[in-house]
Amino acid sequence: MAVDLLLGLQWGDEGKGKIVDVLTQKYDIIARFQGGPNAGHTLEFNGIKHVLHTIPSGIFHESAINIVGNGVVIDPVIFKKEIDALEKFNIDLKNKLLISRKAHLILPTHRLLDAASEASKGKAKIGSTLKGIGPTYMDKTGRNGLRVGDIELDDFETRYKSLRDKHEEMISHYNIEIQYNLSELEAEFFEAIRTLKSLQFIDSEEYIHQAIKNGKKILAEGAQGSLLDIDFGTYPFVTSSNTTAAGACTGLGVAPTKIGEVLGIFKAYTTRVGSGPFPTELFDEDGETMGRVGREFGATTGRKRRCGWLDLVALKYAVQINGVTQLMMMKADVLSGFETLKVCTAYNYKGKEISHLPYNIEEQNVTPIYTELKGWAQDLTSIKDDSQLPQELLDYITFLEKELETPITLVSVGPDRTQTIMR
(Lines give C-alpha, C1' and ligand atoms only; values in the text may rest on other atoms or scores of the structure.)
Protein backbone atom coordinates (compact mmCIF):
# COMPACT_ATOMS: atom_id res chain seq x y z
CA MET A 1 0.00 0.00 0.00
CA ALA A 2 1.32 3.46 -0.92
CA VAL A 3 1.15 6.77 0.96
CA ASP A 4 -0.88 9.49 -0.78
CA LEU A 5 0.22 13.11 -0.41
CA LEU A 6 -1.89 16.23 -0.14
CA LEU A 7 -0.02 19.47 -0.83
CA GLY A 8 -0.66 23.17 -1.31
CA LEU A 9 0.59 24.44 -4.67
CA GLN A 10 0.65 28.19 -4.04
CA TRP A 11 1.79 30.38 -1.12
CA GLY A 12 -0.28 28.46 1.42
CA ASP A 13 -3.89 29.07 2.53
CA GLU A 14 -5.20 26.93 -0.33
CA GLY A 15 -7.76 25.06 1.79
CA LYS A 16 -5.85 21.88 2.65
CA GLY A 17 -7.57 21.45 6.01
CA LYS A 18 -11.02 21.23 4.46
CA ILE A 19 -9.91 18.71 1.84
CA VAL A 20 -8.12 16.47 4.36
CA ASP A 21 -11.33 16.53 6.39
CA VAL A 22 -13.37 15.61 3.29
CA LEU A 23 -11.01 12.80 2.27
CA THR A 24 -10.31 11.34 5.73
CA GLN A 25 -13.13 8.82 5.45
CA LYS A 26 -11.06 7.09 2.75
CA TYR A 27 -7.95 6.78 4.93
CA ASP A 28 -6.90 4.97 8.10
CA ILE A 29 -4.08 7.37 9.00
CA ILE A 30 -3.56 11.12 8.49
CA ALA A 31 0.03 12.27 9.05
CA ARG A 32 1.49 15.80 9.18
CA PHE A 33 5.05 15.80 7.84
CA GLN A 34 6.47 19.36 8.17
CA GLY A 35 5.90 22.86 9.45
CA GLY A 36 4.43 23.77 12.79
CA PRO A 37 2.01 26.26 14.33
CA ASN A 38 2.74 28.71 11.51
CA ALA A 39 0.18 26.61 9.60
CA GLY A 40 -3.53 27.23 10.01
CA HIS A 41 -5.79 24.52 8.60
CA THR A 42 -9.44 25.60 8.68
CA LEU A 43 -12.29 23.09 8.74
CA GLU A 44 -15.96 24.03 8.71
CA PHE A 45 -18.90 21.71 9.31
CA ASN A 46 -22.19 21.71 11.19
CA GLY A 47 -21.99 25.49 11.32
CA ILE A 48 -18.77 25.41 13.39
CA LYS A 49 -15.38 26.70 12.21
CA HIS A 50 -12.28 24.90 13.51
CA VAL A 51 -8.67 26.04 13.03
CA LEU A 52 -5.90 23.50 13.60
CA HIS A 53 -2.23 24.46 13.69
CA THR A 54 -0.30 21.29 14.49
CA ILE A 55 -2.86 18.51 14.94
CA PRO A 56 -3.70 16.74 11.65
CA SER A 57 -7.02 17.62 10.03
CA GLY A 58 -8.43 14.09 10.35
CA ILE A 59 -8.89 14.44 14.10
CA PHE A 60 -12.68 14.92 13.88
CA HIS A 61 -13.25 11.54 12.23
CA GLU A 62 -13.89 8.63 14.56
CA SER A 63 -11.84 5.97 12.85
CA ALA A 64 -8.73 7.89 11.67
CA ILE A 65 -5.39 7.77 13.48
CA ASN A 66 -3.59 11.14 13.37
CA ILE A 67 0.21 11.33 13.45
CA VAL A 68 2.43 14.36 14.02
CA GLY A 69 5.54 13.31 12.09
CA ASN A 70 9.23 13.83 12.75
CA GLY A 71 9.45 16.72 10.28
CA VAL A 72 7.00 18.83 12.30
CA VAL A 73 8.12 21.34 14.93
CA ILE A 74 5.83 21.48 17.98
CA ASP A 75 5.15 24.41 20.27
CA PRO A 76 3.82 22.65 23.41
CA VAL A 77 1.92 25.79 24.50
CA ILE A 78 0.01 26.14 21.22
CA PHE A 79 -0.42 22.36 21.07
CA LYS A 80 -2.03 22.39 24.53
CA LYS A 81 -4.45 25.13 23.45
CA GLU A 82 -5.49 23.01 20.46
CA ILE A 83 -6.04 20.01 22.74
CA ASP A 84 -8.04 22.11 25.21
CA ALA A 85 -10.24 23.36 22.36
CA LEU A 86 -10.96 19.76 21.33
CA GLU A 87 -12.05 18.64 24.82
CA LYS A 88 -15.73 19.42 24.29
CA PHE A 89 -15.86 17.07 21.29
CA ASN A 90 -15.00 14.00 23.39
CA ILE A 91 -12.23 12.85 21.05
CA ASP A 92 -10.10 9.94 22.25
CA LEU A 93 -6.82 11.81 21.85
CA LYS A 94 -4.81 9.22 23.79
CA ASN A 95 -5.43 6.64 21.06
CA LYS A 96 -6.18 8.83 18.02
CA LEU A 97 -3.31 11.33 18.24
CA LEU A 98 0.24 9.97 18.03
CA ILE A 99 3.41 12.08 18.18
CA SER A 100 6.80 11.24 16.72
CA ARG A 101 9.62 11.18 19.25
CA LYS A 102 11.83 12.75 16.58
CA ALA A 103 9.68 15.88 16.17
CA HIS A 104 11.50 18.99 17.43
CA LEU A 105 10.23 21.27 20.19
CA ILE A 106 9.74 25.03 19.94
CA LEU A 107 10.98 26.69 23.13
CA PRO A 108 9.78 30.08 24.42
CA THR A 109 13.21 31.49 23.55
CA HIS A 110 12.81 30.30 19.94
CA ARG A 111 9.85 32.68 19.66
CA LEU A 112 11.86 35.50 21.22
CA LEU A 113 14.73 34.87 18.81
CA ASP A 114 12.27 34.95 15.91
CA ALA A 115 10.90 38.32 17.05
CA ALA A 116 14.37 39.79 17.58
CA SER A 117 15.60 38.61 14.19
CA GLU A 118 12.58 39.93 12.32
CA ALA A 119 12.62 43.29 14.11
CA SER A 120 16.32 43.72 13.34
CA LYS A 121 15.65 43.45 9.59
CA GLY A 122 13.55 46.62 9.51
CA LYS A 123 12.04 47.13 6.05
CA ALA A 124 13.79 43.99 4.79
CA LYS A 125 11.71 41.71 7.04
CA ILE A 126 10.45 38.50 5.44
CA GLY A 127 6.97 38.44 7.02
CA SER A 128 7.62 35.75 9.64
CA THR A 129 4.64 34.49 11.63
CA LEU A 130 6.88 34.96 14.73
CA LYS A 131 6.05 31.45 15.95
CA GLY A 132 9.71 30.47 16.42
CA ILE A 133 9.68 28.13 13.42
CA GLY A 134 12.88 29.38 11.76
CA PRO A 135 15.05 29.35 14.92
CA THR A 136 13.77 25.85 15.77
CA TYR A 137 14.72 24.47 12.36
CA MET A 138 18.09 26.26 12.70
CA ASP A 139 18.70 24.41 15.95
CA LYS A 140 17.63 21.19 14.24
CA THR A 141 20.14 21.55 11.42
CA GLY A 142 22.73 22.92 13.86
CA ARG A 143 22.28 19.75 15.95
CA ASN A 144 21.32 21.69 19.04
CA GLY A 145 17.57 21.04 19.15
CA LEU A 146 15.36 19.35 21.70
CA ARG A 147 13.00 16.64 20.50
CA VAL A 148 9.79 15.14 21.84
CA GLY A 149 11.68 12.00 22.87
CA ASP A 150 13.92 14.11 25.11
CA ILE A 151 10.91 14.81 27.36
CA GLU A 152 11.11 11.17 28.47
CA LEU A 153 14.73 11.56 29.62
CA ASP A 154 15.70 12.28 33.25
CA ASP A 155 17.90 15.23 32.28
CA PHE A 156 15.34 17.00 30.07
CA GLU A 157 15.28 20.15 32.22
CA THR A 158 19.08 20.35 32.19
CA ARG A 159 19.06 20.08 28.39
CA TYR A 160 16.33 22.71 28.23
CA LYS A 161 18.24 25.18 30.41
CA SER A 162 21.41 24.75 28.36
CA LEU A 163 19.62 25.62 25.11
CA ARG A 164 17.63 28.41 26.76
CA ASP A 165 20.82 30.05 28.05
CA LYS A 166 22.37 29.85 24.60
CA HIS A 167 19.31 31.54 23.11
CA GLU A 168 19.34 34.36 25.66
CA GLU A 169 22.95 35.08 24.79
CA MET A 170 22.02 35.19 21.08
CA ILE A 171 19.10 37.55 21.77
CA SER A 172 21.48 39.95 23.56
CA HIS A 173 23.52 40.31 20.37
CA TYR A 174 20.58 41.91 18.53
CA ASN A 175 20.41 45.67 18.97
CA ILE A 176 16.70 45.32 19.64
CA GLU A 177 14.96 45.68 22.96
CA ILE A 178 12.38 42.95 23.56
CA GLN A 179 10.22 42.98 26.67
CA TYR A 180 9.53 39.53 28.10
CA ASN A 181 9.11 37.66 31.37
CA LEU A 182 10.90 34.35 30.88
CA SER A 183 9.68 32.92 34.20
CA GLU A 184 6.06 33.31 33.07
CA LEU A 185 6.82 31.87 29.64
CA GLU A 186 8.60 28.89 31.18
CA ALA A 187 5.78 28.18 33.62
CA GLU A 188 3.36 28.01 30.69
CA PHE A 189 5.83 25.90 28.69
CA PHE A 190 6.36 23.25 31.37
CA GLU A 191 2.64 23.02 32.08
CA ALA A 192 2.16 22.32 28.37
CA ILE A 193 4.97 19.74 28.46
CA ARG A 194 2.97 17.86 31.12
CA THR A 195 -0.04 17.80 28.77
CA LEU A 196 2.17 16.59 25.94
CA LYS A 197 3.48 13.74 28.13
CA SER A 198 -0.10 12.52 28.63
CA LEU A 199 -0.27 11.65 24.92
CA GLN A 200 1.23 8.70 23.09
CA PHE A 201 4.77 9.09 21.68
CA ILE A 202 5.82 6.75 18.87
CA ASP A 203 8.80 5.88 16.71
CA SER A 204 6.83 7.18 13.76
CA GLU A 205 8.92 5.86 10.88
CA GLU A 206 8.56 2.31 12.22
CA TYR A 207 4.85 2.82 12.93
CA ILE A 208 4.22 4.05 9.38
CA HIS A 209 6.38 1.29 7.87
CA GLN A 210 4.30 -1.35 9.64
CA ALA A 211 1.07 0.41 8.66
CA ILE A 212 2.09 0.33 4.98
CA LYS A 213 3.06 -3.33 5.35
CA ASN A 214 -0.35 -4.09 6.85
CA GLY A 215 -2.23 -2.42 4.01
CA LYS A 216 -3.36 0.69 5.88
CA LYS A 217 -4.39 3.69 3.78
CA ILE A 218 -2.28 6.72 4.67
CA LEU A 219 -2.64 10.37 3.69
CA ALA A 220 0.31 12.69 4.32
CA GLU A 221 -0.90 16.24 5.02
CA GLY A 222 1.36 19.12 4.00
CA ALA A 223 1.39 22.58 5.55
CA GLN A 224 2.00 25.97 3.90
CA GLY A 225 2.45 25.80 0.10
CA SER A 226 4.99 24.76 -2.52
CA LEU A 227 6.01 28.35 -3.29
CA LEU A 228 7.09 28.66 0.37
CA ASP A 229 9.44 25.66 0.16
CA ILE A 230 12.89 26.44 1.61
CA ASP A 231 14.59 25.15 -1.58
CA PHE A 232 12.06 25.75 -4.33
CA GLY A 233 9.99 28.68 -3.05
CA THR A 234 10.43 32.43 -3.55
CA TYR A 235 13.50 32.59 -1.32
CA PRO A 236 14.13 34.28 1.11
CA PHE A 237 10.37 34.89 1.54
CA VAL A 238 9.75 31.24 2.38
CA THR A 239 9.22 28.96 5.36
CA SER A 240 11.99 26.87 6.96
CA SER A 241 10.94 23.41 5.79
CA ASN A 242 10.38 21.43 2.60
CA THR A 243 6.70 21.89 1.79
CA THR A 244 6.93 19.89 -1.45
CA ALA A 245 6.45 16.15 -2.02
CA ALA A 246 10.08 15.43 -1.10
CA GLY A 247 9.37 16.75 2.41
CA ALA A 248 6.92 13.92 3.01
CA CYS A 249 9.70 11.36 2.60
CA THR A 250 12.05 13.06 5.07
CA GLY A 251 9.25 14.26 7.36
CA LEU A 252 7.74 10.80 7.85
CA GLY A 253 10.50 8.38 6.94
CA VAL A 254 8.65 7.16 3.85
CA ALA A 255 10.66 5.87 0.88
CA PRO A 256 10.02 7.61 -2.49
CA THR A 257 8.91 4.26 -3.92
CA LYS A 258 6.06 4.20 -1.39
CA ILE A 259 4.41 7.44 -2.61
CA GLY A 260 1.10 6.93 -4.45
CA GLU A 261 -1.24 9.72 -5.52
CA VAL A 262 -0.05 13.32 -5.18
CA LEU A 263 -3.07 15.56 -4.65
CA GLY A 264 -2.33 19.22 -5.37
CA ILE A 265 -4.61 21.94 -4.00
CA PHE A 266 -4.88 25.43 -5.46
CA LYS A 267 -7.26 28.37 -5.30
CA ALA A 268 -9.11 29.50 -8.42
CA TYR A 269 -7.13 32.72 -7.96
CA THR A 270 -3.93 33.47 -6.00
CA THR A 271 -3.25 34.83 -2.50
CA ARG A 272 -0.20 35.53 -0.38
CA VAL A 273 0.32 36.58 3.25
CA GLY A 274 3.28 38.72 4.28
CA SER A 275 6.21 39.94 2.22
CA GLY A 276 7.59 38.59 -1.05
CA PRO A 277 7.10 38.85 -4.81
CA PHE A 278 3.63 38.28 -6.27
CA PRO A 279 3.48 38.95 -10.06
CA THR A 280 -0.32 38.79 -10.45
CA GLU A 281 -1.19 40.79 -7.32
CA LEU A 282 -4.13 43.18 -7.75
CA PHE A 283 -4.40 46.61 -6.16
CA ASP A 284 -7.76 47.48 -7.71
CA GLU A 285 -11.44 46.75 -7.09
CA ASP A 286 -11.10 43.18 -8.40
CA GLY A 287 -8.44 42.40 -5.79
CA GLU A 288 -10.54 44.01 -3.06
CA THR A 289 -13.56 41.94 -4.11
CA MET A 290 -11.58 38.68 -4.00
CA GLY A 291 -10.36 39.48 -0.50
CA ARG A 292 -13.78 40.48 0.80
CA VAL A 293 -15.81 37.66 -0.76
CA GLY A 294 -13.12 35.06 -0.06
CA ARG A 295 -12.67 36.24 3.55
CA GLU A 296 -8.96 36.36 2.93
CA PHE A 297 -7.42 36.69 6.34
CA GLY A 298 -4.66 34.38 7.62
CA ALA A 299 -5.95 31.58 9.88
CA THR A 300 -2.76 31.78 11.97
CA THR A 301 -1.80 35.46 11.92
CA GLY A 302 -5.11 37.17 11.12
CA ARG A 303 -3.22 39.23 8.55
CA LYS A 304 -5.02 40.37 5.42
CA ARG A 305 -4.04 38.26 2.42
CA ARG A 306 -2.87 39.86 -0.80
CA CYS A 307 -5.02 38.74 -3.76
CA GLY A 308 -4.47 38.37 -7.51
CA TRP A 309 -5.37 36.43 -10.63
CA LEU A 310 -4.37 32.79 -11.04
CA ASP A 311 -0.68 32.44 -11.93
CA LEU A 312 -0.33 29.40 -14.18
CA VAL A 313 3.42 29.84 -14.60
CA ALA A 314 3.91 29.34 -10.86
CA LEU A 315 1.22 26.65 -10.69
CA LYS A 316 2.80 24.61 -13.52
CA TYR A 317 6.10 24.81 -11.67
CA ALA A 318 4.50 23.48 -8.48
CA VAL A 319 2.75 20.65 -10.37
CA GLN A 320 6.07 19.70 -11.94
CA ILE A 321 8.28 19.66 -8.82
CA ASN A 322 5.67 17.72 -6.83
CA GLY A 323 4.70 15.21 -9.51
CA VAL A 324 1.02 16.06 -8.98
CA THR A 325 -1.39 13.40 -10.24
CA GLN A 326 -4.70 15.10 -9.33
CA LEU A 327 -5.65 18.75 -8.89
CA MET A 328 -8.27 20.15 -6.53
CA MET A 329 -9.54 23.67 -7.13
CA MET A 330 -10.73 25.69 -4.13
CA LYS A 331 -12.91 28.80 -3.79
CA ALA A 332 -14.42 28.69 -7.28
CA ASP A 333 -17.44 30.41 -5.71
CA VAL A 334 -15.38 33.54 -4.96
CA LEU A 335 -15.01 34.23 -8.70
CA SER A 336 -18.78 34.35 -9.28
CA GLY A 337 -19.74 37.79 -10.55
CA PHE A 338 -16.56 38.64 -12.45
CA GLU A 339 -17.44 39.43 -16.07
CA THR A 340 -13.94 38.58 -17.25
CA LEU A 341 -11.35 36.34 -15.63
CA LYS A 342 -7.64 36.70 -16.25
CA VAL A 343 -5.09 33.89 -16.06
CA CYS A 344 -1.36 34.51 -16.22
CA THR A 345 -0.01 32.08 -18.83
CA ALA A 346 3.49 33.55 -19.32
CA TYR A 347 5.87 36.21 -17.99
CA ASN A 348 7.65 39.04 -19.72
CA TYR A 349 10.99 38.44 -18.01
CA LYS A 350 13.59 41.15 -18.64
CA GLY A 351 12.04 41.83 -22.06
CA LYS A 352 11.69 38.17 -23.07
CA GLU A 353 8.54 36.03 -22.95
CA ILE A 354 8.99 32.89 -20.85
CA SER A 355 6.60 30.23 -19.56
CA HIS A 356 8.68 28.83 -16.69
CA LEU A 357 9.32 30.21 -13.19
CA PRO A 358 12.68 32.03 -13.27
CA TYR A 359 15.19 32.49 -10.44
CA ASN A 360 13.83 35.91 -9.55
CA ILE A 361 10.20 37.07 -9.93
CA GLU A 362 10.53 40.50 -8.33
CA GLU A 363 8.32 43.10 -10.04
CA GLN A 364 11.26 44.90 -11.66
CA ASN A 365 12.05 41.69 -13.59
CA VAL A 366 8.62 40.19 -14.27
CA THR A 367 5.39 41.38 -15.89
CA PRO A 368 2.53 38.85 -16.17
CA ILE A 369 1.07 38.07 -19.59
CA TYR A 370 -2.65 37.28 -19.32
CA THR A 371 -5.20 35.18 -21.19
CA GLU A 372 -8.78 36.34 -20.68
CA LEU A 373 -11.75 34.03 -20.20
CA LYS A 374 -15.44 34.71 -19.78
CA GLY A 375 -16.67 34.77 -16.16
CA TRP A 376 -19.98 33.59 -14.68
CA ALA A 377 -22.61 35.27 -12.52
CA GLN A 378 -24.26 32.21 -10.96
CA ASP A 379 -23.98 31.59 -7.20
CA LEU A 380 -22.21 28.23 -6.82
CA THR A 381 -22.57 27.67 -3.08
CA SER A 382 -25.64 25.40 -3.24
CA ILE A 383 -24.54 23.35 -6.26
CA LYS A 384 -24.13 19.65 -5.49
CA ASP A 385 -23.19 18.13 -8.86
CA ASP A 386 -20.68 18.78 -11.64
CA SER A 387 -23.47 18.90 -14.22
CA GLN A 388 -25.00 21.98 -12.51
CA LEU A 389 -21.87 24.12 -12.84
CA PRO A 390 -22.14 27.05 -15.27
CA GLN A 391 -20.58 26.46 -18.69
CA GLU A 392 -18.12 29.31 -18.18
CA LEU A 393 -16.71 27.61 -15.09
CA LEU A 394 -16.49 24.30 -16.93
CA ASP A 395 -14.61 26.11 -19.70
CA TYR A 396 -12.28 27.62 -17.07
CA ILE A 397 -11.62 24.14 -15.65
CA THR A 398 -11.01 22.66 -19.10
CA PHE A 399 -8.57 25.47 -19.94
CA LEU A 400 -6.62 24.88 -16.72
CA GLU A 401 -6.54 21.10 -17.16
CA LYS A 402 -5.11 21.53 -20.67
CA GLU A 403 -2.47 24.02 -19.54
CA LEU A 404 -1.46 22.00 -16.48
CA GLU A 405 -1.79 18.59 -18.17
CA THR A 406 -3.37 17.25 -15.00
CA PRO A 407 -7.04 16.47 -14.22
CA ILE A 408 -9.02 18.62 -11.78
CA THR A 409 -10.90 15.98 -9.79
CA LEU A 410 -12.49 18.20 -7.14
CA VAL A 411 -14.02 21.68 -7.08
CA SER A 412 -14.86 23.46 -3.82
CA VAL A 413 -17.82 25.87 -3.91
CA GLY A 414 -17.89 26.94 -0.25
CA PRO A 415 -16.15 26.50 3.11
CA ASP A 416 -18.32 23.67 4.48
CA ARG A 417 -17.27 20.06 3.91
CA THR A 418 -20.60 19.48 2.09
CA GLN A 419 -19.80 22.21 -0.48
CA THR A 420 -17.45 19.94 -2.38
CA ILE A 421 -17.96 18.59 -5.90
CA MET A 422 -16.14 15.44 -6.97
CA ARG A 423 -15.51 15.20 -10.72
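Contact here means heavy atoms within 4.5 Å. Keep that in mind for this predicted model.

Start with Gly-414. This residue is in the loop between strand 19 (408-412) and strand 20 (420-422). Leaving aside residues up to four places away in sequence, Gly-414 touches Lys-18, Asp-333 and Gln-419. Gly-414 has a relative accessibility of 6%, so it counts as buried, since buried means under 20%. Met-330 is 84 residues from Gly-414 in sequence, yet their C-alpha atoms are 8.2 Å apart in space.

Met-330 ends strand 15 (326-330), and the loop from there to strand 16 (340-349) holds Lys-331. The phi of Lys-331 is near 60 degrees, a positive value in a residue other than glycine. Most residues other than glycine have a negative phi. Lys-331 has a relative accessible area of 21%, so it is partly exposed.

Glu-405 also deserves a look. Its phi is positive, about 55 degrees, although Glu-405 is not a glycine. Glu-405 sits in the loop between helix 12 and strand 19. At 72% relative accessibility, Glu-405 counts as exposed, because the cut-off for exposed is over 50%.

Now step back into helix 12 (residues 391-404), which packs with helix 11 (residues 312-322). Two packed helices are described by the angle between their axes and the distance between the axes. For helix 11 and helix 12, the angle is about 55 degrees and the axes are 10 Å apart. That angle makes helix 11 oblique to helix 12. The crossing of helix 11 past helix 12 is right-handed. On the helix 11 side, Leu-312, Leu-315, Lys-316 and Val-319 take part; they meet Phe-399, Leu-400, Glu-403 and Leu-404 in helix 12. The residues of this contact comprise six nonpolar, no polar and two charged.

Next comes a pair of residues from a record. An unreviewed UniProt entry carries the annotation "binding site" for Asp-13 and Gly-40. They are spread over 28 residues of sequence but cluster in space, with a largest C-alpha distance of 7.7 Å. Asp-13 lies in the loop between strand 1 (3-8) and helix 1 (16-23). Gly-40 lies in the loop between strand 2 (29-32) and strand 3 (41-45). With 25% relative accessibility, Asp-13 counts as partly exposed. Asp-13 touches Lys-267, Thr-271, Val-273 and Arg-305, not counting residues up to four places away in sequence.

One last stop is a peptide bond. Most peptide bonds are trans. The bond joining Tyr-235 and Pro-236 is cis, with omega about 5 degrees. Pro-236 is in the loop between strand 10 (218-221) and helix 9 (245-252).

Conventions: Residues numbered from 1 in each chain as written. Predicted model: local features only at pLDDT ≥ 70, side-chain atom pairs only at ≥ 80, totals over all residues. Heavy atoms only, no water. Axes fitted to C-alpha atoms, helices over the stretch in contact; angles between N-to-C directions. Helix = DSSP H or I, 4+ residues; strand = E, 2+ residues; numbered from the N terminus. Parallel < 35°, antiparallel > 145°, perpendicular 65-115°, else oblique. Left-handed = near helix turned anticlockwise from the far one by under 90°. Nonpolar A, V, L, I, M, F, W, Y, C, P; charged D, E, K, R; others polar. UniProt positions renumbered as here; feature names shortened; annotations may be inferred. Buried < 20%, exposed > 50% of the residue type's maximum accessible area, 1.4 Å probe, protein only.
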